[in-house]
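The overall build is described, followed by the surroundings of one residue.

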Amino acid sequence: MAKPLNVVLCWHMHQPYYREGLKGAYHLPWVYLHGIKDYSDMAAHLERHPAMRAVVNFAPVLLEQLDDYAQQLDALLKHGKPTQDHMLNLLSGVERIPSDIASRQRIFEDCQRCYAPRMIDPYPAFQRLLRMICPSTDPEVGRAGLLWHLSYLSEHYFLDLLTWYHLSWLGHSLKQLPLAQRLMAQEKDYSAADRHELLHLMQRCMAELIPRYRALAERGQIELSMTPYGHPIVPLLNDFSNLRDALPDVPVPAAPAYPGGAERSRWHLQHGVEVFEHYFGRKPAGVWLSEGGVSEDALAQLDDMGFAWTASGEGVWRNSCVKSGCPMEETESKHTLFSPARVDGFEVRVFFRDDGLSDLIGFRYSGWHADDAVSDFVRHLENIATFFAADADRHVVSVILDGENAWEYYPDNGHHFLDALYTALSDRPLINVSTFTEQAAHAPARAMKRLAAGSWVYGNFSTWIGSEDKNRGWDYLVAAKETYDNVVAAGRLSAGQLALATRQLAVCEGSDWFWWFGDYNPADSVRDFEQLYRTQLRELYRLLGVAPPALLDVPLSSGGGWAESAGTMRRNA
């Protein structure tokens with residue numbers, strides 16, 4: 001008879017730092033849009049299914065931005081103070097709809113930044129607004145018509161468009177509220193009072209997000225974990241040679257190493273804990289190192305700080321098996337994938353993501369009927385339980401993926417799928433939903449001689465280093481870090497100035513800039529992120545009192561390719 005199989009479902013909540021410097025304008029609205037859509041819905045699903053267990057991982061820079069948006073929206077609604085987000089200011093009316101064609105075109109384009117089949121097409125009133133301004137499918141005729149309509153239409157048209165864009169971004173749980181139902185039924189002619197009611201709903205949502213997850217953790221339903229503060233790739237900060245474990249022959253940055261990288265990794269871990277404790281009142285027991293990027297030097301840092309667990313991807317597990325000399329049949333059967341590893345010389349337990357199961361949720365099930373998808377997913381888990389039989393309760397299946405990016409491609413923001421999934425996982429006798437901390441303490445660990453350096457994406461670091469654009473980005477960062485070190489060593493900064501420069505450096509060290517560099521990514525996304533990266537580096541130089549180099553005025557990557565899920569996720573299996 002099969003025993004219940006331990007299953008850990010880990011949702012990683014992550015957005016990079018979108019502001020210009022530490023206090024400037026938000027360049028992109030994804031923190032608050034994912035807040036009112038995905039972070040809200042994901043909490044609602046857990047609240048609705050109290051028997052469901054999960055791990056929810058937060059990037060500290062996301063927590064800070066969620067808090068900041070809640071505060072800025074509160075000041076906007078109570079005192080009329082403009083926010084640092086252009087879209088919110090336009091929606092509220094505190095910033096007038098511009099009259100020039102270029103600014104109006106930006107609003108029109110910004111209000112289509114979503115997956116249209118799920119977030120525009122289901123709403124005829126939203127579709128009509130867009131067709132009014134660009135009625136022709138012929139590119140030349142459409143372009144001429146677009147420019148003419150942009151100058152002709154009233155401000156109220158753009159206010160209705162902004163209202164519908166934000167209504168479409170509301171999560172399924174918020175869409176069920178009477179206010180949202182009324183506004184969607186109204187379809188047009190949204191008054192200032194209507195839009196302020198919508199903003200009040202959004203503000204309450206943002207202000208309640210962190211307390212809701214804290215409450216779920218305090219009643220023992222979820223485990224909260226973190227990534228290092230600015231979401232850097234820790235093994236690459238520590239040592240560029242970690243790239244060579246999986247990719248021995250790829251090009252490398254001109255710089256031999258990131259200066260003082262190991263010290264910076266420790267700073268990100270320590271400051272991440274401080275931010276985490278500020279919001280959740282406790283230290284996390286585990287760390288999802290940014291992008292599941294692990295290495296033996298990173299494990300040593302986690303041991304030094306007393307963390308119980310970390311996790312990575314199936315590719316790292318395979319490479320580690322080869323490096324450790326594991327029998328081939330053991331790797332082919334994936335038997336040891338489902339046990340936490342204890343790497344020789346380290347205490348922290350390492351869990352490995354099942355790429356196939358994780359990618360089914362991330363990429364495939366969005367096109368299935370929810371019941372069929374959940375039945376298929378549960379069947380896979382029960383097959384694993386049957387394979388291990390009486391030993392199933394000694395093994396752990398780790399399903400790890402983004403907690404926000406997949407749901408845009410599901411009907412109703414994944415509501416039907418997640419509702420059915422949580423129902424099934426909570427009451428199947430062969431499945432025991434658990435957390436990584438519980439399993440680190442109770443599941444028998446598998447001895448592993450060596451841990452290969454790599455990430456959850458392909459088992460290597462090619463998404464962040466090793467190509468011309470990405471390596472150039474690293475060389476820009478190395479030059480900025482060397483300037484930082486020289487200024488600090490010269491004692492030219494006060495304590496307050498040093499603290500600001502150090503936080504700004506952390507923003508520049510984030511992984512997301514390098515994720516987007518490369519011709520295989522969509523041009524618009526590459527432009528957004530590489531411009532913001534250069535802006536962040538210029539701000540660091542400004543805080544250091546040094547003129548930024550002229551090369552920061554030149555784009556370092558242009559993109560132009562097509563990427564699945566708009567490039568926000570990567571498929572492994």
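Two residues are in contact when heavy atoms of theirs lie within 4.5 Å. In this predicted model, among contacts in the protein chain between residues at least 6 apart in sequence, 79% join residues at least 24 apart.

The protein chain contains 24 helices and ten strands. Its radius of gyration is 24 Å, close to the 25 Å that the globule rule gives for 573 residues, so the chain is as compact as a globular protein of that length. Along the principal axes, the C-alpha atoms fill a box of roughly 70 × 65 × 45 Å. Buried residues account for 60% of the 573 residues.

| Property of the protein chain | Value |
|---|---|
| Accessible surface | about 21600 Å² |
| Part of the accessible surface belonging to carbon and sulfur atoms | 52% |
| Positive side chains | 53 |
| Negative side chains | 72 |
| Distance between the centres of the two sets of charges | 2 Å |

One residue may be considered in detail. Asn460 lies in the loop between strand S10 (446-448) and helix H21 (468-489). Is Asn460 buried or exposed? Asn460 counts as buried because its relative accessibility is 9%, and the cut-off for a buried residue is under 20%. The side chains of Asn460 and Ser462 are joined by a polar contact of 2.7 Å. When neighbours within four places in sequence are left aside, Asn460 is in contact with Ala246, Leu247, Gly454 and Ser455.

Methods
Residues are numbered from 1 along each chain as its sequence is written. This is a predicted model: local features need pLDDT of at least 70, side-chain atom pairs count only at pLDDT 80 or more; totals for chains, interfaces and linings use all residues. Side-chain values use heavy atoms; hydrogens and water are left out. Helices (H or I, at least four residues) and strands (E, at least two) are DSSP runs, numbered from the N terminus. The radius of gyration is taken over C-alpha atoms; the globule rule is 2.2 Å times the number of residues to the power 0.38. Buried means under 20% relative accessible area, exposed over 50%, partly exposed in between (1.4 Å probe, protein chains only). Accessible areas come from the Shrake-Rupley method with a 1.4 Å probe; for residues, only the protein chains shown count as cover. Lys and Arg count as positive and Asp and Glu as negative; His and the chain ends are not counted. The place of a charge is taken as NZ of Lys, CZ of Arg, CG of Asp or CD of Glu. A polar contact is a pair of N or O atoms within 3.5 Å; within protein, one must be able to donate a hydrogen and the other to accept it, and residues adjacent in sequence count only if both atoms are side-chain atoms.
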